[in-house]
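This report covers one structure, shown just below. Please look at the model before reading on.

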Amino acid sequence: MNKKTALITGANRGIGKAIAKKLIRKGIQVIGTATTQDGANIISNYLKENGFGCVLNLNDTDSITEKINEIYKKKYSIDILINNAGIKEDNLLINMKAKEWDKVININLTSIFHLTKSVIRSMIKKRKGRIITIGSIISCIGNKGQTNYSASKSGLIGFHKSLALEIASKGITVNIVAPGFIKTDFTDQLNIIQYQKYLSEIPMKRLGCAQEVADAVIFLASEKASYITGHTLHVNGGMYMI
């Protein structure tokens, strides 16, 4: 197939869905993943003829490799990998269960290793590719009750910098987009006091939106970003500045 193809994890809602919609407007076909068949159906319904949704369990190493191989067997080329899916299992460290730590590390960090390794050989052969991962401002500033989440997102920075060095000469860029406080399902559940507390920490005095994060991803996926690699692009309204 001649059209470029992007694989996006967690594309059934939020930031992943916003990225997918912007990519198809750029003429790029999308394969979106979700954890359930209902989620995969949502993706297929909004992508229409521009791609499809599929089920992927990021907690299962074997299923990651099998799914990538299945995509290649269907003659799709993964030109852009967007690691968007992630979870939170918040708790103070003193109360955190080992399974809360393991689940967050496995999905937010270890799955990126397996996904990236599964697509990288094909990109190297073509000497072209984009790997973009959704990180978090928490990787740089920390947050109470999120030692597992912060560790997983901080680990991504080291992983991406090292990988960027390994494959820079192959025409492949490796970058992170780190959102700050973005309007999501989580923010809709906040009461007014909680909402005002978060808002007070943002110099721009407003929440970001999924489309603004997606715009940063689209830029890094484009030819305009061909000389940018190993970078973390912060989209946070001024909450954190390098």
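The text below describes a sheet and the packing of helices.

This is a predicted model, in which local features need pLDDT of at least 70 and side-chain atom pairs count only at pLDDT 80 or more, while totals for chains, interfaces and linings use all residues. Residues are numbered from 1 along each chain as its sequence is written, and side-chain values use heavy atoms, with hydrogens and water left out.

**The sheet**

Helices (H or I, at least four residues) and strands (E, at least two) are DSSP runs, numbered from the N terminus. Seven strands make an open sheet with parallel pairing, in the order S3-S2-S1-S4-S5-S6-S7. S3 and S7 stand at the edges with a single partner strand each, so one side of each has no neighbour in the sheet. From one strand to the next, the twist averages 15 degrees. Two strands pair if DSSP finds at least two bridges between them; S1 and S4 run parallel and are joined by three. Ile8 stands opposite Ile82 in S4.

| Strand | Residues |
|---|---|
| S1 | 5-8 |
| S3 | 51-55 |
| S4 | 80-83 |
| S5 | 129-134 |
| S6 | 172-179 |
| S7 | 232-235 |

**The helices**

H4 (residues 98-126) packs against H6 (residues 147-167) at about 15 degrees, with the axes 8 Å apart. Axes are lines fitted to C-alpha atoms, for helices over the stretch in contact, and angles run from 0 to 180 degrees between N-to-C directions. H4 is therefore roughly parallel to H6 (angles under 35 degrees). Contact means heavy atoms within 4.5 Å. Residues of H4 that meet H6 include Trp101 and Phe113, and those of H6 that meet H4 include Tyr149 and Phe159. H6 also lies across S5, S6 and S7, running at about 160 degrees to S6.

Definitions and conventions:
Parallel < 35°, antiparallel > 145°, perpendicular 65-115°, else oblique.
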